[in-house]
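Hello,

Here is the structure I promised to pass on. Have a look at it first, and then read my notes below.

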Amino acid sequence: MKLAHLPLRVSIGAYFLNSGLGKRSLEGAAAEGVHGMAVAAMPQLAQLDPPRFAKLLSYSEIALGAALLAPFVPAPLVGLGLTAFGAGLVQLYLKTPGLREPGSIRPTQQGAGLAKDVWLVGAGLTLVLEGLTHGRRRR
């Protein structure tokens, strides 16, 4: 892990790890709420029952958090994971009614929490691009 990646990877990795650990025991209405929001944005997730979806979400966040914190996981690889996860959250933001101002991508008060996840896409792409271009010399 490059020293310059440390603040980014530790801060986002710790956040994801904590979030995933917190979702391990989601059941009942909480699991149904998380699942319902996800299904509204990605209908194919309706195939999963809410408790299973919540477990998979929890495990995904734990795995991504651990990968970000692990110094031996290459930046492009962890960046791809972060970009994919962030893109899913941005899709959730864009497709969930009431999270955006009518006719705009600007968030409503309720959408501000998800709108910020665009930063995860930016951070992930930064890790991918920097990792892919590291070592190239200018001609």
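Leaving aside its neighbours within four places in sequence, which residues is Leu 99 in contact with? Before the reply, a word on how to read everything here. This is a predicted model, in which local features need pLDDT of at least 70 and side-chain atom pairs count only at pLDDT 80 or more, while totals for chains, interfaces and linings use all residues. Residues are numbered from 1 along each chain as its sequence is written, and side-chain values use heavy atoms, with hydrogens and water left out.

Now to Leu 99. Its contacts (heavy atoms within 4.5 Å) are with Met 37, Leu 92, Tyr 93, Arg 106, Pro 107, Thr 108, Gln 110, Gly 111 and Leu 114, once neighbours within four places in sequence are set aside. Leu 99 sits in the loop between helix 4 and helix 5. Helices here are DSSP runs (H or I, at least four residues), strands are E runs of at least two, and both are numbered from the N terminus. With a relative accessibility of 8%, Leu 99 counts as buried; buried means under 20% relative accessible area, exposed means over 50%, and partly exposed is in between, using a 1.4 Å probe and protein chains only. Between the C-alpha atoms of Leu 99 and Ala 46, which are 53 residues apart along the chain, the separation is 21 Å.

The overall picture

The protein has six helices and zero strands, giving the pattern α-α-α-α-α-α along the sequence. Its C-alpha trace spans about 55 × 35 × 25 Å along the principal axes. Of the 139 residues, 37% are buried. If you take the contacts between residues at least 6 apart in sequence, 64% of them join residues at least 24 apart.

Helix 4 and its partners

Helix 4 (residues 75-95) packs with helix 6 (residues 118-133) at an angle of about 155 degrees, and their axes are 7 Å apart. (Axes are lines fitted to C-alpha atoms, for helices over the stretch in contact, and angles run from 0 to 180 degrees between N-to-C directions.) That angle makes helix 4 roughly antiparallel to helix 6, a label for angles over 145 degrees; under 35 counts as roughly parallel, 65 to 115 as roughly perpendicular and the rest as oblique. The two helices cross in a left-handed sense, meaning that the near helix is turned anticlockwise from the far one by less than a right angle, whereas clockwise would be right-handed.

On the helix 4 side, the residues that meet helix 6 include Ala 75, Val 78, Leu 82, Gly 86 and Val 90. Their counterparts in helix 6 include Val 118, Val 121, Gly 124, Leu 125, Val 128 and Leu 132. The residues of this contact divide into 16 nonpolar, five polar and no charged. For that count, Ala, Val, Leu, Ile, Met, Phe, Trp, Tyr, Cys and Pro are nonpolar, Asp, Glu, Lys and Arg are charged, and the others, Gly among them, are polar.

Helix 3 (residues 50-69) also packs with helix 4, at an angle of about 145 degrees and with the axes 10 Å apart. This crossing is left-handed too. Leu 57, Ser 60, Glu 61, Leu 64, Ala 67 and Leu 68 in helix 3 meet Val 78, Gly 81, Leu 82 and Phe 85 in helix 4. That contact comes to seven nonpolar residues, two polar and one charged.

A few individual residues

Is Asp 117 buried or exposed? At 6% relative accessibility, Asp 117 counts as buried. It lies in the loop between helix 5 (112-115) and helix 6, and its side chain makes a polar contact of 2.7 Å with the side chain of Lys 116. A polar contact is a pair of N or O atoms within 3.5 Å; within protein, one must be able to donate a hydrogen and the other to accept it, and residues adjacent in sequence count only if both atoms are side-chain atoms. Not counting residues up to four places away in sequence, Asp 117 touches Gly 86, Leu 89 and Val 90.

Ser 19, in helix 1, is buried at 18% relative accessibility. The side chains of Ser 19 and Lys 23 are joined by a polar contact of 2.8 Å.

Arg 24 is in the loop between helix 1 (6-22) and helix 2 (28-41) and is partly exposed, with a relative accessible area of 45%. Beyond residues up to four places away in sequence, Arg 24 touches Lys 55, Ser 58 and Ile 62.

Best wishes
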